[in-house]
Every structure is written in C-alpha cells, then in structure tokens.
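Reader: I have just opened this one and would like to go through it slowly. Could you walk me through a few of its parts?

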Amino acid sequence: RDMRMAAASLYAFCRVSDDIVDDPRATLSAVRRLKDRIDAAYAGRPNNHIADRAFAEVVRVYNIPKSVPLSMIEGFEWDLNGKQYQNIGQVIDYSARVAGTVGIMMSLVMQRRSQRTLARACDLGVAMQLINIARDVGEDAHNGRVYLPQTWLNEVGLDQASLLENPQFSPALGQVIERLLDTADRIYQRALTGMGDLPSGCRPGIRAAGMVYAGIGTQIRANGFNSIDQRAYTSRSKKVSLLLQALVPPI
C-alpha cells in the first residue's frame with residue numbers, strides 16, 4: 001500500500017511518454033521534449049503536468065538514477081528513427097530500454113537495489129515486451145514497424161519489407177513468433193528467480209502482472225501464432241483466476 005502511489009506515478013509518466021511517441025504525427029522533437037521533461041523533473045522544477053510533478057517526487061524520494069528513464073526514452077527514439085533489428089540480441093536491447101527500465105524503476109520503488117534483483121526486474125520487463133511484440137506483429141506492421149529479428153525472418157524465407165508491404169499470416173511467420181515466445185518464456189523463468197528478493201507484500205502484485213502477460217503468450221499459442229488476423233488477450237475471468245493464483249506463494 002505504501003508503494004502504490006509511487007507505482008501509479010511511474011506508470012502515469014511512462015504511459016504519457018509512450019502515448020506521445022506512438023502518436024502517428026510524432027517526430028524526433030517529441031523525444032527532445034521528453035528529455036527536457038526528465039531534466040526538469042530531476043532539477044526539481046517539473047513541467048506543470050500532474051504526471052511530471054508526481055514523477056519528480058518519485059525519483060527524488062526513491063533516488064532513481066536519471067540514466068534509467070533516459071534509457072527508456074532512447075528506446076522510444078529508436079522507434080521514431082525506424083530502427084531495424086537484425087538479431088534477437090538487438091530486439092532484447094530494445095526491450096530492455098522500453099520495458100526493462102520500468103522493471104528497474106519498480107524495483108527501486110520497492111527499495112530493492114541489489115544488482116541481482118535489478119537484473120531480474122529488467123528480465124521481467126523484457127519478457128513482457130517480447131510477448132507484446134509477438135502479440136502485435138500485425139498491428140505494428142500496419143504502423144510501419146517490425147520488431148521481429150531480420151535473421152529469423154530470413155531463415156524462413158521472409159523479410160521485413162514484404163511484411164510491411166503486405167502483412168499476412170503464414171506458417172513461416174508463425175515459426176518466428178513461436179521462437180520469440182520461447183525466448184520470452186526462458187527470460188520470464190529467469191525473472192521469477194528474483195521474486196523472492198521483493199518485499200513480501202509486493203510479490204503477489206508482481207507475480208500477477210507476470211502471470212497475466214504469460215497468459216497472453218499462452219493465448220497466442222492457442223491462436224496458432226497468428227498475430228496478424230487476431231489480437232490475443234487475457235479474458236477478465238482468466239485474469240481473476242490468475243490474480244487468485246498470484247496470492248498463493250509458490251512452493
């Protein structure tokens with residue numbers, strides 16, 4: 001409960017930032033403005049926006065290094081630059097910036113700062129982002145973005161240009177999406193090893209977040225890895241079930 005407002009404040013600033021960059025009209029000037037907002041927050045003079053004011057208080061109270069949110073913004077900058085990802089390592093680099101940073105900031109809010117715990121928190125964010133990428137292949141392609149590794153696409157006879165020009169599902173594309181989910185699962189399992197480092201009262205919430213995202217991956221598999229013609233999601237009833245499971249500590 002004590003950390004709820006800080007977590008909500010972090011979410012608000014990250015959500016606002018993400019929405020700004022995802023605007024189809026956004027240019028690199030949006031990134032510059034976001035960096036200026038972070039500079040202002042860390043200087044104790046946040047912009048007159050509720051998310052900025054709350055964010056400034058959180059980074060002050062919990063001593064969050066400025067390099068962490070700036071790394072998140074760097075990932076957004078890659079989006080606007082139309083960066084292409086040649087291999088899975090580069091996709092993970094991107095995921096660490098736009099999502100792993102959020103895990104790190106959450107860990108710091110939970111007052112856990114050890115290198116091991118921060119690494120596992122980053123892993124959880126990366127796993128979630130890889131599941132996002134697997135879920136949104138069609139939507140991203142229609143928006144002019146491909147996050148699947150070019151080397152993996154080439155191995156099954158596909159390429160980014162054709163996927164952008166004509167997003168269509170095929171068994172070959174399904175193989176790439178399955179491979180991405182397998183990678184997400186491995187990183188997710190590694191992230192779970194850090195769960196015991198967190199305060200006991202925070203573990204159910206973090207477990208629940210991870211389980212809900214893992215459930216999206218399960219649904220993608222159930223859909224035959226077709227992320228072009230349908231968007232996988234976790235139903236409300238399934239979320240309730242997962243939330244109840246999250247309350248029970250693993251053996």
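Predicted model: local features only at pLDDT ≥ 70, side-chain atom pairs only at ≥ 80, totals over all residues.

Reader: Is Leu 180 buried or exposed?

Author: Leu 180 has a relative accessible area of 0%, so it is buried (buried means under 20% relative accessible area, exposed over 50%, and partly exposed in between, with a 1.4 Å probe and protein chains only).

Reader: And which residues is it in contact with, leaving aside neighbours within four places in sequence?

Author: With those neighbours left aside, Leu 180 is in contact with Ile 88, Leu 130, Ile 133, Ala 134, Leu 148 and Trp 152, contact meaning heavy atoms within 4.5 Å.

Reader: Changing topic, what about Ala 208, is that buried or exposed?

Author: Ala 208, which is found in helix α11 (residues 203-222), is buried, with a relative accessible area of 6%. Apart from its neighbours within four places in sequence, Ala 208 is in contact with Leu 243 and Ala 246.

Reader: Now to α4: how many residues does it have, and what should they span?

Author: Helix α4 covers residues 67-81, and at 1.5 Å a residue its 15 residues should span 21 Å, which agrees with the 20 Å between its end C-alpha atoms. The expected span is 1.5 Å times one less than the number of residues.

Reader: Which residues of α4 are buried, and what do they pack against?

Author: The buried residues of α4 are Val 68, Pro 69, Met 72, Ile 73, Gly 75, Phe 76, Trp 78 and Asp 79, and they pack against α1 (4-22), α2 (28-42), α3 (50-61) and α5 (88-109). After α4 comes Gly 82, whose phi is positive, near 70°.

Reader: At what angle do the axes of α1 and α4 cross?

Author: The axes of α1 and α4 cross at roughly 15° and come within 10 Å; axes are lines fitted to C-alpha atoms, for helices over the stretch in contact, and angles run from 0 to 180 degrees between N-to-C directions. That makes α1 roughly parallel to α4, since angles under 35 degrees count as roughly parallel, over 145 as roughly antiparallel, 65 to 115 as roughly perpendicular and the rest as oblique. In this contact, Cys 14, Ser 17, Asp 18 and Val 21 in α1 meet Met 72, Ile 73, Phe 76, Asp 79 and Leu 80 in α4.

Reader: And how do α1 and α2 pack?

Author: Their axes are 10 Å apart, at an angle of about 160°, and α1 and α2 are therefore roughly antiparallel to each other. On the α1 side the contact is made by Phe 13, Val 16, Ser 17, Ile 20 and Val 21, and on the α2 side by Ala 30, Leu 34, Arg 37 and Ile 38.

Conventions: Residues numbered from 1 in each chain as written. Heavy atoms only, no water. Helix = DSSP H or I, 4+ residues; strand = E, 2+ residues; numbered from the N terminus.
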